[in-house]
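Here's a quick walk through a metal site and its surroundings.

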Amino acid sequence: MAVVFKNIKELLQVRNEPVQFVSGKDMAVLPTIKNAFLLVENGRISDFGAMHSCPTDKFEETIDCTGRMLMPTWCDSHTHLVYAGNRESEFVDRIKGLSYEDIANKGGGILNSAKTLQDTSEEELYNQSKVRLEQVITLGTGAIEIKSGYGLTKAAELKMLRVIKKLKENYLIEIKATFLGAHALPKSFNNTESYIDYVINDIMPVVAKEQLADYVDVFCETGYFSVRDTERLLEAGTQYGLIPKIHVNQFTAFGGVQAGIKYNALSVDHLEEMRNEDIEAIKNTKTMPVALPGCSFFLGIPYTPARTMIDQGLPLALATDYNPGSSPSGNMNFVVSAACIKMKITPEEAINAATINGAYAMGLEDNFGTITKGKWANVMLTTPINSYGFIPYAFGENQIEHVYLKGNKIV
Ligand SMILES: N=CN[C@@H](CCC(=O)O)C(=O)O
Ligand SMILES: [Zn+2]
C-alpha cells in the first residue's frame, strides 16, 4: 500500500540522517522542506523531498496538502492517562486557596485516585481510559507513555498495567508502559521503607515476569519517597530489566536528579525546582530532562527553567503529564504553546522537544519523532496556516486537521 502526500506547504522536522535527540543550540534548528512531498509505503516513510522530485508513478492514494503543513505526530513521554473518575472537587478546593500538599493532607490527591481506581473494575477502567486515548490521538499524539501508580496494591497496579497492555493491543498509537508503584505511600503502610519492600518484592517480580512494563518510576519528593527509597527502587528495577524514568524536583530539590543520573535514567521529569548542581548533573549524560508545563499551569507552581537549561546546552522534552490531579489535559498543542509562552522557548525548540526528544524519552527515536526514511509514518496535517509558529501562537486552538498512524488515516 503506497500513499503520497503532495503539495505540502512545508514538511517539518525533516532529518536525512537520524538523530537520537537534539540539545542546546541545536534545539533551535527545525529542518523543513517547502513545497514538498512525502511517500509512505506499508506504513513507513519511504521517500520525501521537494515537489519537483516527486515520483510520478501511480500510487493507491494521493493526498493533496495544498496550504497545509505536514509533521511528525507529537511524542508524549509522560502521562498517567489510565485512571478512574476525576478530581474535580479538588479543583474547586485549589481555586479556594488550598495547595497540592493541603489537598493531599486532607485525604485527597493520589490516594484519592487510588481508592477510586481500586473500586473500579478492569473493564470500566479500560472504557474510561480509551476515551482519553482516542481524544489525544485526535489532538495529534502518535506515541505515548502511560504509567501505573494509582493502584498502590498489587492487584490494582497489575490491573492498571493490564489496561495499558490492552490499549496497546487495540490501538495503532505507539504505547510504552511504566510501573510507578512508588507513587504515594498507602495508608496501610507505616513508612516508605516497608512499602518499597512490598513494591520490590511483591509487585515488581510479577510486572517483570508478565512483561507489563518497559520502565520503572518513583515520585522522589518531600512527603513521598526519599533519595534512598528512589535508589533502592531503581536498583531493583534495573535488576528486573526495567529502565528508570523518575518524577523529581517538582516541589523540592534534594538530590533526586543525581539519583536518576546514577541509575542511568532515560528521563528525569518535572524539574520545576532546579539548582545549578542539578543542571550540571544532567550535562553530558544520556538522560533526557522532561518539562511538564500543563502541571505548572494547572497547579500554579513554577515552570521548569527550560530557557536556562537549553542555554546551558541541555536537551529538553515536553510532555503533558495527563493525570486527574495536576494536569487533567492530554493536549500536546497546549503544552507546546505554554512552553513557548511561559518558558520562553521558540517554536523550533518546542517542536523538537515535543517530537524527537519526546520519542527519545520513550526509547522510540529509531522509529518516531522525525521525518526520516524507514520511520513509521505517524504524521499529522495542519489546517491551512501561514507558518508553523502559528501552532503555539494560537494557544487553546487546535490546528491539527488529520492524523495518520503507521500510514493509516485515523482522524
Ligand atoms: N507528581 C506526581 N504525580 C503526578 C500527579 C499525581 C496526582 O496528583 O494525581 C504528576 O506527575 O504530577
Ligand atoms: Zn507524572
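Predicted model: local features only at pLDDT ≥ 70, side-chain atom pairs only at ≥ 80, totals over all residues.

Residues are numbered from 1 along each chain as its sequence is written, chains are lettered from A and ligands numbered from 1 in the order in which they are written, and side-chain values use heavy atoms, with hydrogens and water left out.

**Around Asn323 and Gly325**

Asn323 sits in the loop between S13 and H12, and Gly325 lies in the loop between S13 and H12 too. (Helices are DSSP runs of H or I with at least four residues, strands are runs of E with at least two, and both are numbered from the N terminus.) Setting aside residues up to four places away in sequence, Asn323 touches His80, Tyr83, Tyr150 and Pro328, while Gly325 touches Arg87, Arg94, Phe298 and Leu299. Contact here means heavy atoms within 4.5 Å.

An unreviewed UniProt entry lists Tyr150, Asn323 and Gly325 under "binding site". They span 176 residues in sequence, yet no two of their C-alpha atoms are more than 11.0 Å apart, so they gather at one spot. UniProt positions use the numbering here, feature names are shortened, and annotations may be inferred rather than shown by experiment.

**The zinc site**

Which residues coordinate the zinc ion (ligand 2)? The answer is His78 (NE2), His80 (NE2), His247 (NE2) and Asp321 (OD), at 2.0 to 2.4 Å. Donors are N, O and S atoms within 2.8 Å of the metal (3.2 Å for Na, K and Ca); water is not among the atoms, so sites may look incomplete. Along the chain, the donors follow the spacing H-x1-H-x166-H-x73-D. His78 is in the loop between strand S6 (74-76) and helix H1 (88-95) and Asp321 in the loop between strand S13 (317-318) and helix H12 (332-343), so the pair ties together parts that are 243 residues apart in sequence.

The unreviewed UniProt entry also gives His78, His80, His247 and Asp321 as "binding site". His80 has a place in the loop between S6 and H1, and a polar contact of 3.1 Å joins its side chain to that of Asp321. Among the residues that His80 touches, beyond those up to four places away in sequence, are Tyr150 and Asn323.

How hidden are these residues? Buried means under 20% relative accessible area, exposed over 50%, and partly exposed in between (1.4 Å probe, protein chains only).

| Residue | Relative accessible area | Class |
|---|---|---|
| His78 | 0% | buried |
| His80 | 2% | buried |
| Asp321 | 1% | buried |
| Asn323 | 4% | buried |
| Gly325 | 4% | buried |

**The wider layout**

Stepping back, the protein chain is divided into domain 1 (2-74 + 370-409) and domain 2 (75-360), with bounds from an automatic or database domain assignment. Their C-alpha centres lie 29 Å apart, and the contact takes 34 residues from domain 1 and 37 residues from domain 2.

Note on methods
Polar contact = N/O pair within 3.5 Å; in protein donor to acceptor, adjacent residues only side chain to side chain.
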